[in-house]
Amino acid sequence: MAFSPSQTQIHTLIPHSNSPEDLDDLLCSNQQQEELQKQQKCLLSAPDALSSFLDSSPSRCLTGEARFERAWAHWNKLGRPKLIVAPMVDNSELPFRMLCRKYGAEAAYTPMLHSRIFTENEKYRNEEFTTCKEDRPLFVQFCANNPDTLLEAARKVEPYCDYVDINLGCPQRIARRGNYGAFLMNNLPLIKSLVEKLAVNLNVPDAGCSLLAVHGRTRDEKDGKKFRADWNAIRAVKNALKIPVLANGNIRHMDDVQHCLEETGADGVLSAETLLENPALFSGFRTSEWVVEGEDSNMQRKLDQADILLDYLKLCERYPVPWRMIRSHVHKMLGDWFRLQPQIREDFNSQSKITFEFLYNMVDRLRDLGVGLPLYLKDTHVGISANAPSAQLHDTN
Ligand SMILES: Cc1cc2nc3c(=O)[nH]c(=O)nc-3n(C[C@H](O)[C@H](O)[C@H](O)COP(=O)(O)O)c2cc1C
């Protein structure tokens with residue numbers, strides 16, 4: 001069980017014996033604070049504070065090396081997953097996770113779940129959190145600002161997952177209003193109490209901050225296409241910690257995976273936006289956008305986005321989810337196709353109620369119109385485990 005804020009968050013890592021003022025001091029020395037203001041990178045502020053927090057965190061009464069050993073033992077037990085589906089509201093739901101697993105993902109996060117609503121509302125629980133036996137390793141993410149509520153929510157999912165994750169990264173206005181995500185940065189003692197509450201009370205193995213995912217963008221850098229993730233910042237965190245660290249941001253194809261692992265030293269990567277367009281990314285497939293001139297002829301074209309959408313729809317028939325999620329994935333996976341045939345997109349948008357039959361017919365119509373944009377397969381060696389991604393293509397049925 002781990003708590004892995006998926007955006008640049010140094011502030012989860014707080015020595016629990018310090019007063020709030022001390023904590024701020026520890027997290028940001030004067031010099032570091034100046035640097036921080038200059039670069040707007042909380043992440044870089046105090047690597048030493050990270051290790052020191054981990055040394056002093058209770059984590060079921062284990063301290064120091066024993067905690068780290070346990071964190072690594074759990075990570076090893078899960079097969080050291082390197083290629084991971086990032087948490088995405090309305091988008092990393094069960095059928096999408098299973099689709100990505102079919103195409104090489106080695107672990108996956110759920111979308112962020114709201115811990116209070118999760119504890120209070122059975123309909124929300126049943127709709128927003130579904131899983132199946134093959135959906136492992138699974139990291140369940142909650143947003144929270146109340147330790148007791150968070151624990152209550154976490155207890156409901158612990159039999160079905162491998163890590164519970166606290167979202168300390170959401171930069172959206174809704175998170176500001178609800179006082180969660182990246183805005184907990186303004187209340188370090190609260191973050192500490194959230195982490196401690198789970199670490200001390202949860203029964204799943206490895207409770208405690210035993211895994212940290214770092215998104216290398218700041219709270220203000222919301223547009224992932226505009227701002228490159230700062231992999232140096234992720235490396236600084238990785239170097240400061242003794243637990244597994246995951247890198248997030250700018251993973252668009254397998255060459256990025258390789259470069260990111262080399263540059264950051266991280267133990268795995270998360271991908272979000274690009275995975276939505278190309279769920280086969282972790283199998284080595286890339287959209288034409290990422291094919292370098294001259295490389296085209298060396299790359300096999302085995303799949304296109306409609307093939308993958310059909311796989312996804314079959315998974316949705318098997319594991320029902322709200323239609324708004326399916327709509328969103330159709331737009332993401334067929335975005336390029338719709339740009340070529342906008343009238344089909346309009347027809348799709350105008351449907352107040354969709355059916356699987358409509359969607360399968362829509363793909364046929366696009367194909368009849370001669371629309372087709374291949375995904376390109378490049379064999380990139382990323383020095384990853386025995387679960388080499390291209391070896392993972394197998395039928396979902
Ligand atoms: C549609 C969408 C929904 C997201 N929802 C969440 C979420 O629920 N929790 C979270 O921590 N991050 C969320 N994120 C952020 C991603 O997990 C990831 O940190 C970010 O997109 C950077 O990765 P990328 O450069 O691969 O897109 C979301 C991103 C997208 C595109």
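Here is a quick tour, from the whole chain down to a few single residues.

Keep in mind that this is a predicted model. The protein chain folds into 18 helices and 10 strands. Of its 397 residues, 47% are buried.

**The chain as a whole**

- Look at contacts in the protein chain with a separation of 6 or more: 73% of them involve residues 24 or more positions apart.

**Around the ligand**

- The ligand has 24 residues around it, and the ones that come nearest are Ala86, Met88, Met112, Ala272 and Glu273.
- Which elements give two or more residues to that shell? They are strand 2 (107-114) and helix 13 (273-277).
- Sorted by class, the shell around the ligand holds 10 nonpolar, 13 polar and 1 charged residues.

**The loop between helix 9 and helix 10**

- Met185 sits in the loop that runs between helix 9 (173-178) and helix 10 (188-201).
- Is Met185 buried or exposed? Met185 is buried, because 21 other C-beta atoms lie within 10 Å, and the cut-off for buried is 20 or more.
- Met185 also pairs up in space with Leu168: they are 17 residues apart in sequence, and their C-alpha atoms are 7.6 Å apart.
- Asn179 belongs to the loop between helix 9 and helix 10 as well.
- With 15 other C-beta atoms within 10 Å, Asn179 is partly exposed, since that class covers the counts between 12 and 20.

- Some background first: most residues other than glycine have a negative phi, and most peptide bonds are trans.
- Asn250 isn't a glycine either, yet its phi is positive, at about 65°.
- Where is Asn250? You'll find Asn250 in the loop between strand 6 (245-248) and helix 12 (254-264).
- Asn250 is buried, because 22 other C-beta atoms lie within 10 Å.
- As for peptide bonds, the one joining Arg136 and Pro137 is cis, with omega at about -10°.
- Pro137 is part of the loop between helix 7 (122-128) and strand 3 (138-143).

Definitions and conventions: Residues are numbered from 1 along each chain as its sequence is written. This is a predicted model: local features need pLDDT of at least 70, side-chain atom pairs count only at pLDDT 80 or more; totals for chains, interfaces and linings use all residues. Helices (H or I, at least four residues) and strands (E, at least two) are DSSP runs, numbered from the N terminus. Two residues are in contact if their C-beta atoms, placed from the backbone, lie within 7 Å. A residue is near a molecule or strand if its C-beta atom, placed from the backbone, lies within 6 Å of it. Ala, Val, Leu, Ile, Met, Phe, Trp, Tyr, Cys and Pro count as nonpolar, Asp, Glu, Lys and Arg as charged, and the others, Gly among them, as polar.
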